Amino acid sequence: MEVCNCIEPQWPADELLMKYQYISDFFIAIAYFSIPLELIYFVKKSAVFPYRWVLVQFGAFIVLCGATHLINLWTFTTHSRTVALVMTTAKVLTAVVSCATALMLVHIIPDLLSVKTREMFLKNKAAELDREMGLIRTQEETGRHVRMLTHEIRSTLDRHTILKTTLVELGRTLALEECALWMPTRTGLELQLSYTLRHQHPVEYTVPIQLPVINQVFGTSRAVKISPNSPVARLRPVSGKYMLGEVVAVRVPLLHLSNFQINDWPELTTKRYALMVLMLPSDSARQWHVHELELVEVVADQVAVALSHAAILEESMRARDLLMEQNVALDLARREAETAIRARNDFLAVMNHEMRTPMHAIIALSSLLQETELTPEQRLMVETILKSSNLLATLMNDVLDLSRLEDGSLQLELGTFNLHTLFREVLNLIKPIAVVKKLPITLNLAPDLPEFVVGDEKRLTQIILNIVGNAVKFSKQGSIYVTALVTKSGTRSPDFFVVPTGSHFYLRVKVKDSGAGINPQDIPKLFTKFAQTQSLATRSSGGSGLGLAISKRFVNLMEGNIWIESDGLGKGCMAIFDVKLGISEQSNESKQSGIPKVPATPQHANFTGLKVLVMDENGVSRMVTKGLLVHLGCEVTTVSSSEECLRVVSHEHKVVFMDICLPGVENYQISLRIHEKFTKQRHQRPLLVALTGNTDKSTKDKCMSFGLDGVLLKPVSLDNMRDVLSDLLEHRVLYEAM
Amino acid sequence: MNAGIAQLQMQFRDYTISLYQQGFLDDQFTELKKLQDDGSPDFVAEVLLLFFEDCVKLIGNMARALDKSTGTVDFSQVGASVHQLKGSSSSVGAKRVKGLCVTFKEYCEAQNYEGCVRCLQQVDIEYKTLKTKLQDMFNLEKQIVQAGGVVPQVDID
């Protein structure tokens, strides 16, 4: 009897049922075997799956199940014990693995679930970041637009271009339907539509500035949303659009030059604003985003700055144009003045010459005529002619002098002269007239008054002559005192300080007369040209009135001052003037100061008999040097070689001129040999001078190092040689080679 | 007679000035003339005579030294003669000759045979030209003196 584990069927072994069971088991087995294969395949593909060993377990479980069902196939019919054993083993194994797997899944499934939740979370995060990135990109875009806009606006300094560009760029960046700029009018009471982007606008379209909506916008620096129906926004032709786009307005500050004061930054209340209105396209359902509003505000600020720059530029251009015009005008005026001056000078020069020639003729011939035999009437006539012509000549000189003085072309001719003698001579000149008028003149020279001074002798004479002459002229009686002294202390004029410097001093001359005196009110007029204190009595004394004016100018040239004091009419007056004079060195004890490189008075030293030796290989050059020295009076010996030179040189020769043209040291040797020859009698050694074609530093150094006393550049001129000889003999050495 | 002297004097002046302007003479010649006085009345003539003799001698030396038929050319000898000539010409104020000597010296130092030969020829021509011109000038001077006039002092600016 066969033992079988299978449940004995109720009915007798039904072959059909058995067959179905057989087939099902087979397919189950196949399925069970194929699932792990599929799993392995897909896991290998994915490579992400974390729980591989779970899979192995699962696979084992399935394989075993499959095996079990497979083995079942053999148990439908009678089967041996081995099969039963295998079946049992398989089932046991399957049971074990299944239980293990079941236990494992308890731990694993929560993990797997959490993985899923994390995945969900990350997906959400990614979506959020995507959104944010989109936002940032739009902002960066906006920023780029702002930069580009700013660049465009700031790249030009023309006001219209700036504003036009702003509108165009804004319109493009923000895709606006319309963009408009309202500028305040000159009166400041209205806003005028100045620029629009797309639509043509009627000229002179204005709105009053005091509208509430405008005040609202001007009151804040931010962009403000306004109603599309407000007067500033009603720019588009009414075309029955369904839904007008949103409108935003922002103020644009207009800064003026006067706003920029250093300590006083512009106050908000004193500003003028323009209004910029921006309209989104209608029917677009677009809204103004925050970043767009910010962009608009930033642009408005930039526009303000750009406009102020443009304004400043306009100002400075205008100022420059003005200056240029003025410049041109001034230039013209200057040239005209110069032409006038030149014309006058030419005229004066010509007239001067033309006038003087006949004058000289008249004066000379009249003088000659005076010497001849004349009847008394004729003599009188000739004398009158002479006097008149002299007067005329003086007048001409005065006029010329004055005109030269006035344009500053007169220069003092400085020289050394004897001051004491000058005074005496002037007085001698005046004495005849004074004697006739019975006016004694007294001269008082201060004891410390220097005798020899440096200054313009002729002009000083003129001044003193003029003043003393005036004193004589305008005095009918009394006496005249002339005082000259050295002044140190402050003078009458408060703004004139006398500072005696080392080699200068101020000479003060006072001329007191006891004549008609002068009304103190008339004193200022005295020094003006051609003005005279008119009184019939003085009229007869003649004079052109130029004298004092000229004297004053001369005194000024001499850095001095002149004035007149009077106690009133009839009380006489005193004329005083100070002038700056130099003290001549001749007047002091002659202190020969140490090192005159070039003595003040060039010494024409006498070289006669000076014994000189000339060494030169070149015959022609030797002859020329000899000629030069002979002309200066020296006694010259010539030699043509260094040996001959050594033989001939003696203590009698004071100077040896040696030609050192050839490079090389041999020529310098002669110098050393001469030094050697005279080591015992140093003081008798002649001075050694090299004549060479180049005096660069190296040659000079070489000469000095070989004991030469000087270097001269050939060819030597006569004056050069003279100076060199004097220098040499004075100092025993040549300071300068030239 | 006065007109004749004046004319001669003007001729002399113009001639002298032209010599300076054409570069034959320079300031050194003016200096030379300053040295002529009663003590040495023919100073300038004597110096120039010596100079021209020197020229002949030195040019002869140079020609001999540059003669290839006698063997190799000794440039140092040529150079020495050129140096002497340069010194002489600068002492009398012969401007052109001196200038040529400078160039000549450079050729010598560079040992440029063709250059040296060329320069030698030029120097020869130049000094002869100068000699002729100066002779003309002296003749004018003599004429003025014979006519009883005074040789004018020519100031070159």
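## Helix α13 of chain A against helix α4 of chain B

In this predicted model, the axes of helix α13 of chain A and helix α4 (residues 75-92) of chain B come within 7 Å of each other and cross at roughly 30 degrees. Angles under 35 degrees count as roughly parallel, and α13(A) and α4(B) are therefore described as roughly parallel to each other. The crossing in which α13(A) passes α4(B) is left-handed.

On the side of α13(A), the contact is made by Val620(A), Ser621(A) and Val624(A), while α4(B) contributes Gly87(B), Ser88(B), Ser91(B) and Val92(B). Sorted by class, the residues of this contact are three nonpolar and four polar, with no charged residues.

## Helix α13 of chain A against helix α3 of chain B

Helix α13 (residues 619-631) of chain A also packs with helix α3 (residues 43-65) of chain B, at an angle of about 165 degrees and with the two axes 9 Å apart. Because angles over 145 degrees count as roughly antiparallel, α13(A) and α3(B) are roughly antiparallel to each other. Here, too, α13(A) passes its partner α3(B) in a left-handed crossing.

The residues of α13(A) that make this contact are Gly619(A), Val620(A), Met623(A), Val624(A) and Gly627(A), and those of α3(B) are Phe43(B), Glu46(B), Val47(B), Leu50(B), Phe51(B) and Asp54(B). By class, the contact of α13(A) with α3(B) has seven nonpolar, two polar and two charged residues.

Within chain A, α13(A) lies across the strands β14, β15, β16 (655-659) and β17 (687-692), and runs at about 170 degrees to β15(A). Strands of a sheet pair through backbone hydrogen bonds, either parallel or antiparallel. In chain A, five strands form an open sheet with parallel pairing, in the order β15-β14-β16-β17-β18. The strands β15 and β18 (710-713) of chain A stand at the edges with a single partner strand each, so one side of each is left without a neighbour in the sheet. On average, and with direction ignored, neighbouring strands of this sheet are turned by 25 degrees against each other.

## From strand β14 through the helix to strand β15

Strand β14 (residues 611-615) and strand β15 (residues 635-639), both of chain A, run parallel and are joined by five bridges. The chain passes from β14(A) through α13(A) to β15(A), and this β-α-β crossover is right-handed. Across the pair of strands, Val612(A) stands opposite Val636(A) in β15(A), and Val614(A) stands opposite Thr638(A), which also belongs to β15(A).

Notes. Residues numbered from 1 in each chain as written. Chains lettered and ligands numbered in written order. Predicted model: local features only at pLDDT ≥ 70, side-chain atom pairs only at ≥ 80, totals over all residues. Heavy atoms only, no water. Axes fitted to C-alpha atoms, helices over the stretch in contact; angles between N-to-C directions. Helix = DSSP H or I, 4+ residues; strand = E, 2+ residues; numbered from the N terminus. Parallel < 35°, antiparallel > 145°, perpendicular 65-115°, else oblique. Left-handed = near helix turned anticlockwise from the far one by under 90°. Contact = heavy atoms within 4.5 Å. Nonpolar A, V, L, I, M, F, W, Y, C, P; charged D, E, K, R; others polar. Pairing = 2+ DSSP bridges. Right-handed = clockwise from strand over helix to strand, strands pointing away.
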